[in-house]
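Student: Before we discuss this model, I would like to see it. Please show the sequence and the structure.

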Amino acid sequence: MAIDTQRAQVLTGGEAVAHAMRQIDPDVVPVYPITPQTPIIQGFAKFVADGRATGEIVNVESEHSALSAAVGSALAGARTITATSSQGLALMAEIVYIAASLRAPIVMAVGNRALSGPINIHADHSDSMLVRDSGVVQLFAENAQEAYDLMVMAPRIAEHPDVLLPVLVGQDGFTITHSAEPVELLPDAAVREFVGEYSVPFSVLDLSRPSTQGPFAMPDSYFELRYAQTVAIENARRVIDEIAIEFAELSGRFHPAVEPYRLAGATRAIVVMGSTAGTVKDVVDALREEGDRVGLLELRSFRPFPREAVRRALADVRCIAVLDRSDSPGGRPALFAETVGAVYGGPPIVRSYVYGLGGRDVHPQDIRRVFRDVDGAGPETQYLGLRRNG
């Protein structure tokens with residue numbers, strides 16, 4: 001039963017996530033600031049300084065060191081949360097793979113930001129796409145409320161015994177991290193009860209149960225160890241929706257891996273992740289009022305990719321436009337490629353669109369244009385809002 005003591009506050013996405021961290025009160029928070037992630041850690045640090053949280057903040061000299069420290073603390077038996085963006089996640093990439101392979105249930109808030117170069121501090125998803133094959137769970141929020149909610153859910157997903165993997169919670173840089181809107185916070189006690197006590201099956205400090213951590217793997221074992229990660233992230237498909245149902249019972253807000261929006265009877269649909277889903281919903285509502293049969297499929301989980309749910313949701317749609325906020329030069333954008341794989345063998349025509357690189361705005365008229373033109377679009381990726389000379 002949903003509790004009725006939630007109070008709305010006007011918070012940025014970064015502040016909302018800092019509140020989630022305060023309520024979870026992790027044992028260890030290794031940090032290195034980078035725009036637009038900085039308000040998250042800054043906010044949590046203030047909560048610690050004010051005595052509202054007790055987590056140990058570990059200041060390090062780089063993001064590589066931050067995640068290295070997080071791996072050690074998580075495996076030693078301490079609930080661990082960190083945060084990063086853009087080049088910080090790029091510098092962490094080596095350790096992201098190691099964290100997943102060591103089954104370290106770290107939670108990481110990501111203020112999604114374009115990768116250099118050229119240098120840019122605004123939103124796109126290229127940082128998250130850089131580590132998409134590392135074996136970590138990746139969730140994307142639509143707004144500040146979802147950023148808070150997904151952050152509260154994340155430890156339960158990461159620490160589930162069938163998963164035990166890092167969970168990255170992405171929110172679009174500046175669009176969410178620095179934009180204020182009403183956010184309903186759960187009571188502190190409710191969050192702590194929901195999250196529960198931290199536990200890993202084999203702590204490196206448990207001398208009564210010796211274990212090997214981070215072994216050198218020869219060909220006779222490496223394949224099987226990598227496959228174990230694949231099984232774990234496949235398990236996360238089920239776990240994400242189980243935790244989403246449990247969270248909905250607590251909060252009244254349901255955040256499944258896939259959310260169909262006005263897809264019933266739709267002949268054309270957009271697939272998208274992140275803050276742009278809100279813009280698409282507004283356009284879908286307007287076009288439906290005009291009698292146009294359009295819809296949206298919003299993805300919150302990119303890894304694991306919910307392929308069966310995507311296939312079912314889009315089974316009756318004639319034409320699909322996939323909007324990626326990152327590109328794959330020389331290949332196909334990641335969300336488009338995954339969506340094509342999910343619906344392969346079915347009737348929909350799937351078209352690729354790249355938008356919003358480096359924080360470029362996407363406007364409702366851009367979304368209208370996609371819905372209008374997707375039937376006749378060619379097979380090559382279209383670039384929304386690209387200014388061309390001549």
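Tutor: Two strands pair if DSSP finds at least two bridges between them. Helices (H or I, at least four residues) and strands (E, at least two) are DSSP runs, numbered from the N terminus. This is a predicted model, in which local features need pLDDT of at least 70, side-chain atom pairs count only at pLDDT 80 or more, and totals for chains, interfaces and linings use all residues. Residues are numbered from 1 along each chain as its sequence is written, and side-chain values use heavy atoms, without hydrogens and water.

Student: What makes E4 and strand E5 a pair?

Tutor: E4 and E5 (residues 107-112) share 4 bridges in the parallel sense, and the definition asks for at least two, so they pair.

Student: Why is the unit of E4, helix H4 and E5 called right-handed?

Tutor: The term applies if, with the strands pointing away from the viewer, the path from the first strand over the helix to the second runs clockwise. E4, H4 (residues 86-101) and E5 form a β-α-β unit of that hand.

Student: How do you know that both faces of strand E4 are covered?

Tutor: Buried means under 20% relative accessible area with a 1.4 Å probe, protein chains only. In E4 (residues 81-84), Ile81 and Ala83 on one side are buried, as are Thr82 and Thr84 on the other.

Student: What makes the lining of the second largest cavity nonpolar?

Tutor: Ala, Val, Leu, Ile, Met, Phe, Trp, Tyr, Cys and Pro count as nonpolar. That lining has 8 nonpolar, no polar and no charged residues, including Leu67, Val96 and Pro166.

Methods: Buried means under 20% relative accessible area, exposed over 50%, partly exposed in between (1.4 Å probe, protein chains only). On a 1 Å grid over the protein atoms alone, a cavity is a set of points where a 1.4 Å probe fits but cannot get out, and a pocket is an open set with protein on both sides within 12 Å along at least five of seven lines; lining residues have an atom within 4 Å of a point.
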